[in-house]
Amino acid sequence: MPDNTKLPIVYVRGFAGDTSGIDKAVKDPFYGFNEGSTHVRVGAGNEPSFHQFESPLLRLLLDDEYKLLVEGGQDAYLNAHDSIPANSIWVLRFYDLSASTWGSEPKEFRIEDAAADLLNLIDKIRTKSGADRVHLVAHSMGGLVCRCLLQKLLPDLGRDPADCVDKVFTYGSPHGGITFDAGFGLFEKVRDATGLNGAEIFGPKRMYEYLTPKSDYDPQGRPSEWRARDMPARDAAHPTAFPRPRIFCLVGTDPTDYDVAFGLSAAAVGPRSDGLVQIENAFVPGSHRAFVHRSHSGRYGLVNSEEGYQNLRRFLFGDRKVEATLADYRLPSEEGTTWQAEVRMSVRGLPIVIHEQTAEHWCPLQLPPSDAPADVPLTSTFLCTGLRPHDGQGTMRYAMHLRILSLHERRGFMSFGDHLEQTADFDDILVIDVGQGTWAAWNSLIPGSIRDHAPGGTPLADEDPAKGRWEASIPLPDSAKPILGDQARIRLTVTPWE
């Protein structure tokens, strides 16, 4: 990828807590984004398998030739140079003024001030690099700093956020705030009333203040229908709203490996979370997203994971977007029966699953019953033609594992009379090869192992005549037809991505 096609990347870290936590954060020259990991659960023969992930920051230097320009301090470097390369990485050090380690009185941290610092850094980088826009990559609260910039600060200044920010990627950001399964709402009320260690920024009152522009702000207080995770669509009513499809939210589903406060945080937030942020609060509706079985932070955390990096890289640098939809299915309404779908996405050559929505991880897709043909989006992913096999031969291969499950209740209780635990009503893998054409085959119909499968025959035909859009349908195997109907199919849609 030529350097002139790359945009600067700005990293924005998460919440550090009280002054001692802030002091610890500012000692790190890259605010923690340089931290990698060396853990994998199990390998062959039930022996631990060592997998070294270098960190998202270092991998961008190695894989995409980005540059870190510090030499004693980012600000000093920027002030001393009239021009900088566009393929550069920067870290927003918004906590420095709130630390006590510099021998001065710590300044109270405010999200609005961090967003203003972010804007100053972006403008300086754009001016000196010649890049029109930058990418923002944020962990946890850092995503809220980015949204404060996009939703409030820039609109209040009369500026269009899309003029200076191209894409936003968030790791485990509490877009809907932080809520708890335990305490019946008491924990949230105490946090918001006392402002313990500044954590009230994750409550609805403060979120409304720093996410709402002056033009929409209600002086009477937060409207009852307002929801923190919602961002306005870019339309006639909000012509400068940041486009939600330019946002990617990585959602963690592993609370058990989040050991902050000796596991008390994960216990209070509940199992439907990454240990700190509940799954339903970790994404912006209308954005792209992937679910991965990683915790909020720590040795099995989202940021220092191969899963997170691979999604980040494809979203930032991919050139095609692929959407998979379960199309034209029928599930007649049956009292006491609920249908769910589980989806996993794998990429050839990667030792991880880049997306998984499963019932085990509290995030299956719900399939609404319908007597008429209905559609349900399954997943979207990004392809990067620059990541095809090193020998230049072959195809980019993706696999989508699809399971359909039914749950039965009688008189409001789960019925186990005909239940087989962990057994799906339909279970198969769609193997997709993308090269000079696109081929797809169900694993149940592939003889032998998948690794020996070579796509052959006529590639899938484009069913959409619209320019810049490719669409094809793959019928489901016969085993699925009694469940989903004869017309049910997987619809693949490919559009350019830049």
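Four strands make an open antiparallel sheet, ordered 12-8-18-17. Strands here are DSSP runs of E with at least two residues, helices are runs of H or I with at least four, and both are numbered from the N terminus. Two strands pair if DSSP finds at least two bridges between them. Strand 12 and strand 17 (470-475) stand at the edges. Each has a single partner strand, so one side of each is left without a neighbour in the sheet. On average, neighbouring strands of this sheet are turned by 20 degrees against each other, direction ignored. Axes are lines fitted to C-alpha atoms, for helices over the stretch in contact; angles run from 0 to 180 degrees between N-to-C directions.

This is a predicted model, in which local features need pLDDT of at least 70, side-chain atom pairs count only at pLDDT 80 or more, and totals for chains, interfaces and linings use all residues. Residues are numbered from 1 along each chain as its sequence is written, and side-chain values use heavy atoms, with hydrogens and water left out.

Strand 8 (residues 320-331) pairs with strand 12 in the antiparallel sense, over nine bridges. L326 has V376 in strand 12 as its bridge partner. Strand 18 (residues 489-496) holds T493. Is T493 buried or exposed? T493 counts as buried, at 5% relative accessibility. Buried means under 20% relative accessible area, exposed means over 50%, and partly exposed lies in between, with a 1.4 Å probe and protein chains only. Leaving out residues up to four places away in sequence, T493 touches K321, V322, E323, R469, W470 and E471. Contact means heavy atoms within 4.5 Å.

Strand 6 is mostly covered, with six of its six residues buried. I247, C249 and V251 point one way; F248, L250 and G252 point the other way. Strand 6 pairs with strand 5 over four bridges, in the parallel sense. V168 stands opposite I247. Five bridges link strand 6 to strand 7, again parallel. C249 stands opposite R289 in strand 7.

Two cavities of 30 Å³ or more are counted. On a 1 Å grid over the protein atoms alone, a cavity is a set of points where a 1.4 Å probe fits but cannot get out; a pocket is an open set with protein on both sides within 12 Å along at least five of seven lines; lining residues have an atom within 4 Å of a point. Grid points are joined across faces, edges and corners, and a volume is the space filled by probe spheres set on the points. The largest cavity holds about 80 Å³. Its lining has 14 residues, with F248, N311, I354, S380 and T381 nearest its centre. Strand 7, helix 9, strand 10 (353-357) and strand 12 (370-383) each supply at least two residues of that lining.

The largest pocket has a volume of about 1500 Å³. It is lined by 39 residues, and F15, Y258, V260, L276 and S297 lie nearest its centre. Helix 8 gives the largest share of the lining, four residues.
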